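This briefing goes through one protein model by topic. The sequence and the structure come first, and the notes follow.

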Amino acid sequence: MDTPLSQLPWRERLYVVIFFTNTAAGRRFDSALLLVILASLLVVMLDSVATINHSHGPLLGVLEWGFTALFAIEYIVRVYCHPQPRQYMLSFYGLIDLFSVLPAFLALLFPEAQYLLAVRVLRMLRIFRVLKLTPYLSQANYLLVALRGSRQKIIVFLFTVSTLVIIYGALMYVIEGPQNGFSSIPMSIYWAVVTLTTVGFGDIVPHTALGKALASLIMITGYSIIAVPTGIFTAELANAMRQDTLLHPCPSCGKDHHEPNAAFCSRCGSQLFRSEREPTAD
């Protein structure tokens, strides 16, 4: 920044300190804010413990309202000093900042809403900016590309699994019946889901030999298919990373498009894939 922070108008100075970390004051502000967010989350969690709430409920209540007032003032100051207040209010962080305050006021009408204050943990995402970790978030693009590429396959997989659990649930209802805890087809489908996913709560169990045989088949089926969505996503993720490598320019001639299975550049013959990628400048 060309102009020293101390020479900026008060509103612009607030904006630089609150929204940026390229100054010492901005880094101190964000670090202090993260500590306050952690403290407020600790208060919310302690308040949900019955014994602690019974012994220190009033103190926790005062602390919570103190944090709420502090965050409300911070939100108002952010809106005030931002050059485009509407843009900030509708941004991701702006909405998170707002939702971190609203539950405290909703709790005046609905007491249980106070535990929604745990949404403040999302404000900890600012740690990526404070610790200069934002470039690492760009790697999440691979995950998004893989999710989009595997969407149709996963939908087909989920439809197939849903069909299986309905069939298994209906069969188990016929075999075991209400006398063995399978009181309805929906309850039997619930049991089939729990068994197929290998969770096994044990709240409903088959008692007949045929029912146990069917349960064994469902367990084996679960182990057989549980890795399918993981394999689909992994394949798409590997493909997304490979495509990014293929679009990476040839280290010798700079050509940036190659055949999917190409190991050497078709223009100059140089090797395309190396054991280590050369670091790029930030």
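**Aromatic cluster and overall layout**

Tyr15, Phe19, Phe20, Tyr75 and Tyr88 form one aromatic cluster. Rings of Phe, Tyr and Trp (its six-membered ring) pair if their centres lie within 6.5 Å, with planes under 30 degrees apart counted as stacked, over 60 as edge-to-face and the rest as tilted. The model is predicted: local features need pLDDT of at least 70, side-chain atom pairs count only at pLDDT 80 or more, and totals for chains, interfaces and linings use all residues. Residues are numbered from 1 along each chain as its sequence is written, and side-chain values use heavy atoms, with hydrogens and water left out.

**Overall make-up**

- The protein has twelve helices and zero strands; helices (H or I, at least four residues) and strands (E, at least two) are DSSP runs, numbered from the N terminus.
- Of the 282 residues in the protein, 30% are buried, where buried means under 20% relative accessible area, exposed over 50% and partly exposed in between (1.4 Å probe, protein chains only).
- Among contacts between residues at least 6 apart in sequence, 53% join residues at least 24 apart; contact means heavy atoms within 4.5 Å.

**Aromatic pairs**

- A search of the whole structure finds six aromatic pairs.
- One of them joins tyrosine 15 and phenylalanine 19 in a tilted arrangement, 5.2 Å centre to centre with 40° between the planes.
- Tyrosine 15 and phenylalanine 19 are four residues apart in helix α1 (residues 10-19), and are therefore separated by about one helical turn.
- An α-helix has 3.6 residues a turn, so residues three or four places apart point the same way.
- Phenylalanine 19 counts as buried because its relative accessibility is 13%.
- Tyrosine 75 and tyrosine 88 also form a tilted pair, with 5.9 Å between centres and 40° between the planes.
- This pair links distant parts of the chain: tyrosine 75 is in helix α3 (residues 50-81) and tyrosine 88 is in helix α4 (residues 85-89), 13 residues apart.
- Tyrosine 75 is buried at a relative accessible area of 12%, and tyrosine 88 is buried at 3%.

**Arginines over rings**

- The charged end of arginine 78 sits over the ring of phenylalanine 19, 5.2 Å from its centre.
- A charge sits over a ring if NZ of Lys or CZ of Arg is within 6 Å of the ring centre and within 35 degrees of the ring normal.
- Arginine 11 lies over the face of tyrosine 80, at 5.1 Å from the ring centre.

**Helix α3**

- At histidine 56, α3 bends by about 85°, and proline 58 follows within four residues.
- The bend at a residue is the angle between axes fitted to the seven residues ending there and the seven starting there.
- The buried residues of α3 include Gly57, Leu60, Phe67, Phe71, Tyr75 and Arg78.
- Buried residues of α3 pack against α1, α2 (24-47), α4, α5 (92-99) and α6 (102-106).

**Nonpolar cores**

- The largest nonpolar core has 14 residues, and those with the most contacts inside it are Val161, Trp191, Leu196 and Ile218.
- A nonpolar core is a set of buried Ala, Val, Leu, Ile, Met, Phe, Trp, Tyr and Cys residues joined through side-chain atoms within 4.5 Å.
- At least two residues of this core come from each of α9 (140-176), α10 and α11 (209-225).
- The largest share, five residues, is supplied by α9.
- Another core of ten residues lies apart from it, with Leu33, Leu34, Leu41 and Val101 among them.
- Isoleucine 218 touches Tyr168, Trp191, Ala192, Thr195 and Leu196, not counting residues up to four places away in sequence.

- Threonine 195 is in helix α10 (residues 185-196) and is buried, with a relative accessible area of 8%.
- Not counting residues up to four places away in sequence, threonine 195 touches Ala215, Ile218 and Met219.
- Other positions are buried in α10 too, including Ser188, Trp191 and Leu196.
- Just after α10, threonine 198 takes a positive phi of about 60°.
- Glycine 222 is in helix α11 and counts as buried because its relative accessibility is 0%.
- Glycine 222 and leucine 196 are 26 residues apart in sequence and 4.4 Å apart in space, C-alpha to C-alpha.
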